[in-house]
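This report covers one residue and its surroundings, followed by the interface between two chains.

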Amino acid sequence: MADLWEYRWLLFIGTGRTIALGLCGLVLALAIGLATAAARIGGGGLARRLAQGYTTFIRSVPDLCMMLLLFFGGQTLLNHFGVWTGWWDYLEINAFVAGAVTIGIIFGAYMAESFRGAHGSIPRGQFEAAAAVGMTPAQTFRLITLPQLLGYALPSLGVNWMVLLKTTAMVSVLGLQDLVYFATSAGRTTRNPFAFLIAVMVIYLLMTAVSQWVLARLERRYTRGRMIRS
Amino acid sequence: MLNRRSLFASAAALLTLLGAQAQAEGVLRVAISTGYPPFNVLNADGTFGGFDVDYALLLCERMQKTCEFTDIEWDGIIPGLLANRYDVIIASMGITEERKQQITFSNPYYQTPSTVIARADAGLTADAAGLAGRTIGVQRATGHECYIQREWGEADMRSYPTTDEAYLDLLAGRIDAVLVDSIPGQDWLASDPAHAVFAPVGGDIYDTECFGAGTGVGLRQGETELLDALNAAIQLTREDGSYVALSERYFGRDIYGQ
């Protein structure tokens, strides 16, 4: 316990960084996911194929590989581009920005599938009714699809969020120190790994509990108007 | 007029705003990987310590540069060097043929033999016959893996992300022995009374092919100017006695080797 107390500030900073990284990654993943789902559902042939290729590719490559590929590969490409054009020899991408973007790109693929599934859950008759009363596709999306989409997608988005939060631990290979990295490093340094691992477990449990509470409230809010089917 | 070139330039400026920064003169960007006491240590106040870190500071001083440390997970340390996120790796990295295909090393700055650690009462011998059918833990992507595969093919090798997971399994009785560097190994044995039932078995092991020619500073291939400067700085620390003083402080002896 003395070791934990000694390292409390690092654990605190690490927790803050994990939460910030998770939330930034979530916002990006939701944006990318929504755009990809839109492309797959309502896009033209090319957009549809690109979106499908993206979700298939990302979901079939292990997260760690993807992270190393996007981050170090992206950096190397950027360096080559700079040297080729003569504008810079080396541009450092901030590790936090890179981590959030990488997580956003990875989880965007999963979010896209959640949104697509949710879209499929909206009864088809509603779209036919919307067309029958003369709504444009944009109006249908804004007034019919969007308000219901979140309600149907939330359970699956919630699952993705919890996996995403745990995936943030992988950013330490990019040189960004999150909660898990501080804890394992401190555990090795003090030769007291279990105390730190248990602390991490408790902190993650707390984060998950809060997430679940927020998700339950959101779900209640977004399914208020759902029709009860007999 | 907004032509393509200026568009790219503004994109570049935007990237700079996103926290990008050009390489500063007089700074040596050093990658370390904490959690490897007594070489790489994370202090409670977030600062770094250990023999590698202190030695890096000595080298920077001799090169008249300022050390700028990046603490990075071991698995990402070579990719990061290749992507130019830092200039050198000073993290107890052994000079091996496999790594030399990707990066270059300075002259070695220390050399430690390897050793097998097992329960003293297990009656284990550190040879092919004694280890056949026994489980032995190692840190993955190290020379220890190479050595076990070549010398003790009959042993059941278990690879771990770091030696600490191997030690945990050794304590838990899940594996019979570990093959580790002898200095951190001695450090581990002395770190806890519960480790007293374990002991080095069979003495020190030297092997250039697997363990390499010692531990060096890693850098990108083709950076001859930096390589020369590093080797000169290492030489200086040997000549002015600062190396021996540092090594004595950590280990009570000179670990430079031949």
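## Position of B:N40

In this predicted model, B:N40 sits in chain B, in the loop that runs between β1 (27-32) and β2 (41-42). B:N40 has a relative accessible area of 0%, and because the cut-off for buried is under 20%, B:N40 counts as buried.

## Surroundings of B:N40

Two polar partners of the B:N40 side chain can be named. The side chain of B:D52 makes a polar contact with that of B:N40 at 2.6 Å. The backbone nitrogen of B:S33 is reached by the B:N40 side chain at 3.2 Å.

Both B:S33 and B:D52 are also listed among the contacts of B:N40 when neighbours within four places in sequence are left aside.

## Interface of chains A and B

Chain A contributes 35 residues to the contact and chain B contributes 40 residues. Together the two chains bury about 3100 Å², with 58% of this on carbon and sulfur atoms. On the chain A side, the most area is lost by A:Y90, A:R188 and A:R191, which together account for 25% of what that side buries.

A:R188 forms a salt bridge with B:E165, where the closest N and O atoms are 3.1 Å apart.

At least two residues of the chain A side that touches chain B come from each of α4 (63-85), α5 (95-121), α8 (179-190) and α9 (193-222) of chain A. The largest share, 8 residues, is supplied by α4(A). By class, this side has 20 nonpolar, 10 polar and 5 charged residues.

Conventions
Residues are numbered from 1 along each chain as its sequence is written. Chains are lettered from A and ligands numbered from 1 in the order in which they are written. This is a predicted model: local features need pLDDT of at least 70, side-chain atom pairs count only at pLDDT 80 or more; totals for chains, interfaces and linings use all residues. Side-chain values use heavy atoms; hydrogens and water are left out. Helices (H or I, at least four residues) and strands (E, at least two) are DSSP runs, numbered from the N terminus. Buried means under 20% relative accessible area, exposed over 50%, partly exposed in between (1.4 Å probe, protein chains only). A polar contact is a pair of N or O atoms within 3.5 Å; within protein, one must be able to donate a hydrogen and the other to accept it, and residues adjacent in sequence count only if both atoms are side-chain atoms. Contact means heavy atoms within 4.5 Å. Buried area is the accessible area (1.4 Å probe) that two parts lose on being put together, summed over both. A salt bridge is a side-chain nitrogen of Lys or Arg within 4 Å of a carboxyl oxygen of Asp or Glu. Ala, Val, Leu, Ile, Met, Phe, Trp, Tyr, Cys and Pro count as nonpolar, Asp, Glu, Lys and Arg as charged, and the others, Gly among them, as polar.
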